[in-house]
Amino acid sequence: MRAPRPVRPPRTPYPGLRRSRPGAAGSTALRMPAAGRGQADPGPPRQREPRQPRRLPPHSAASPAAARPAALALVILLSFASRFHRLAEPPHVCWDETHFGKMGSYYINRTFFFDVHPPLGKMLIGLAGYLSGYDGTFPFQKPGDRYEQHNYVGMRGFCAFLGSCLVPLVYLTVLELSKSLPAALLTAFLLIFDTGCITLSQYILLDPILMFFLMGAVLSMVKCNSCADRPFSASWWFWMSLTGVSLAGAMGVKFVGLFVVLLVGLNTMHDLWDLLGNLSLSLVMFGKHLLARVLCLILLPVALYTAVFAVHFTVLNKSGPGDGFFSSAFQSQLIGNNLHNISVPEHLAYGSVVTMKNLRMAGGYLHSHWHLYPEGVGARQQQVTAYLHKDLNNFWIIKKHDSDTDLSDPSIPVEFVRHGDIIRLEHKETSRNLHSHQHEAPLTRKHFQVTAYGINGTGDSNDFWRIEVVGRKAEKLIRVLRSQVRLTHVATGCILGSSGKILPKWGWEQLEVTCTPYLKETPNSLWNFEDHINPKLPNISLDVLKPSFAEILLESHMVMIQGNTALKPKDNEVTSKPWHWPINYQGLRFSGVNETDYRVYLLGNPVIWWLNLITIGLYLLITVFTAVALKRGVQLTSELKELSRVVLRGGGQIMLGWLLHYLPFFMMGRVLYFHHYFPAMLFSSMLTGITWDTLLKFFAGFWTPSATARKVYGAGFLALVLLIIYRKCSHCMSHGFTEVMYMQEG
């Protein structure tokens, strides 16, 4: 009789796949025989010990709680050390510091300006400068200007601080999604050692501020999802409210913050859909969930976002370079503006010197100058454009169409201009009349060209215009600022308007003015009289024209949106296309042209960026493989189920974030730069950390015993870290260099 064989302990390779065989008893699984094991001799059936649940190897188990604070401290230390190293260099203006540093100065001086981005980022830069002792007197005229004795380090330090905080935020987000300390550390190392992230965090720019609020929103969203099993608890309310605050911050810095709003919105819709399908949840409780999200994720962000603009308009109460982008009524409340607290004649009269402002958002003043239209662009006569700034070439004299009498003579009685009158508009500086004819407009081909024509006010019948007030009857007087007027060309019947299109360099990149034969009434074809000079008339105060906050808020957004779409590249400016960004094709010169200059160049660590790009494709393959396996009914062990959850749920959220922050740029018509990709780069780095941690765990599980599995996993993790920190001349790329420094380090 054969002696009974001892029962072998269960093997502990990484959990594999099991698939039930049709007709097999119980949960018997089809397995490959273990290597080195012979076939068992036939004998009487013996009872097998119940199989113990398979566990992750020690290296892949949930990280001990004691190790996490130390790891977080290491991440914070490395992040701050890399961002604050040589922060003051170079001691001159670099790239867009010329814009955002200048705007910080405007806040300190309370001077109104216009920018295509919402105001929060510039406000914070100005506040940082003010608190650090900067007095707002440096002009920030062009890149390369030396700061000399001006205190600029405070503003750079603020941006570097938020850029340093990005790494811990990303680390905590990945840790929450994957519950894996190695995955979180790997992601943190990707950002700590990326030259592009370091460079972008060290200068006075909006990008580190935007990405700080963006990652704050993502981390808060993930933390709130983790509290789903205890709704309406203090932590649940805290993280949901913090999500709303971060969304307001992201939108308040740049409009691309809308992308993270979409990410949080889609996550919220998914959660609410799941709650609606939970039959154990009453409709009353579902309504509470819905109201809580409306309160924290809609009303709270909107209130904070609106408050940012309220502070913006309160602080910037002095006239500045941005006045001309806004309506006359808005300008009248700016201290120092020629419309602020002044009195002007109320009604228009012949002989008055006026400026006319187009009523479209960001519409300019009717303007002319001595330059002629070039050959091949309509008639070669004097250009008429719409100009966004105050200028002496914006002034016109209102004259009768059939008289050249000098109306400035005090002995001549005042005669008011009335609705329906036919007038001439003579350009004050060049003494030529506003003129139109049936030549094509420069850009809008179906419209007629508008020129300035004649000599000393003498022209022809194409200089005659009928002035009409919207909503008025004949013989009514025309009011300054209040009346919306339309100028109809008598000879052709077309209407004077501004298309909003930007003229080429021969037109000084001002806005096109045309005469449209289409009689549809739009703001493009409506004007108001702003400046009004006539010493014969009594003056009235303009205080009654002060707009409401809601009107100012709407107008500012329309002007910003229009300004964004009109952004075009400057001469010799390096721009890029979205497909260039993930492959690190071309960077941005921040500083330095000559060999003796201190040079700073924005470019990512090529190893990190290509690893991120490869991982995106790898993640898609893993997702497809996992989805097919689940669809085919393959049974997964508990450990593989957990890894699948991390890949599909956690990785899926990150992948969606990458898509939302990258794909919309393919549809944008404005000028684009390399730095626009960095928010998406944060998501691709997080995806890299999660994906490679999952792969290492999977492959390490095929090795036994567990000590070998730990070594395999550790070797793979170490290889990735060493690959990441390999940076040829990355010190120079991150912190700048001169030719001599580069040769010494080489």
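1. Basis of the model. The model is predicted, with local features requiring pLDDT of at least 70 and side-chain atom pairs counted only at pLDDT 80 or more, whereas totals for chains, interfaces and linings use all residues. Residues are numbered from 1 along each chain as its sequence is written, and side-chain values use heavy atoms, with hydrogens and water left out.

2. The chain overall. The protein chain contains 18 helices and 18 strands, these being DSSP runs numbered from the N terminus (H or I of at least four residues for helices, E of at least two for strands). Of its 746 residues, 51% count as buried, where buried means under 20% relative accessible area, exposed means over 50% and partly exposed lies in between, with a 1.4 Å probe and protein chains only. Among the contacts in the protein chain with a separation of 6 or more, 76% come from residues 24 or more positions apart, a contact being heavy atoms within 4.5 Å.

3. Helices α10 and α12. The axes of α10 (residues 283–315) and α12 (residues 549–565) come within 11 Å and cross at roughly 95°; axes are lines fitted to C-alpha atoms, for helices over the stretch in contact, and angles run from 0 to 180 degrees between N-to-C directions. The two helices, α10 and α12, are therefore roughly perpendicular to each other, given that 65 to 115 degrees counts as roughly perpendicular, under 35 as roughly parallel, over 145 as roughly antiparallel and the rest as oblique. On the α10 side the contact is made by Tyr305, Thr306, Phe309, Ala310 and Phe313, and on the α12 side by Phe549, Ile552, Leu553, Ser556, His557 and Met560. These residues divide into eight nonpolar, three polar and no charged, with Ala, Val, Leu, Ile, Met, Phe, Trp, Tyr, Cys and Pro as nonpolar, Asp, Glu, Lys and Arg as charged, and the others, Gly among them, as polar.

4. Aromatic rings. The structure holds 40 aromatic pairs, where rings of Phe, Tyr and Trp (its six-membered ring) pair if their centres lie within 6.5 Å, and planes under 30 degrees apart count as stacked, over 60 as edge-to-face and the rest as tilted. One of these pairs, Tyr107 with Phe113, is edge-to-face at 5.5 Å centre to centre and 85° between the planes, and both Tyr107 and Phe113 are buried. The rings of Phe674 and Phe678 have centres 5.5 Å apart and planes at 75°, so this pair is edge-to-face; Phe674 and Phe678 are both buried. One aromatic cluster includes Phe674 and Phe678 together with Phe259, Trp581, Trp609, Trp658, Tyr662, Phe665, Phe666 and Tyr677.

5. Lysines over rings. Lys357 lies over the face of Tyr365, at 4.7 Å from the ring centre, and Lys400 lies over the face of Tyr350, at 5.7 Å from the ring centre; the criterion is NZ of Lys or CZ of Arg within 6 Å of the ring centre and within 35 degrees of the ring normal.

6. Backbone in loops. The peptide bond from Glu89 to Pro90 is cis, with omega near -5°, and Pro90 lies in the loop between α1 (67–84) and α2 (97–109). Asn341, in the loop between α11 (328–331) and β2 (343–345), has a positive phi near 50° although Asn341 is a residue other than glycine, and counts as exposed at 55% relative accessibility. Ser431, in the loop between β7 (422–427) and β8 (433–440), has a positive phi of about 60° and counts as buried at 18% relative accessibility.
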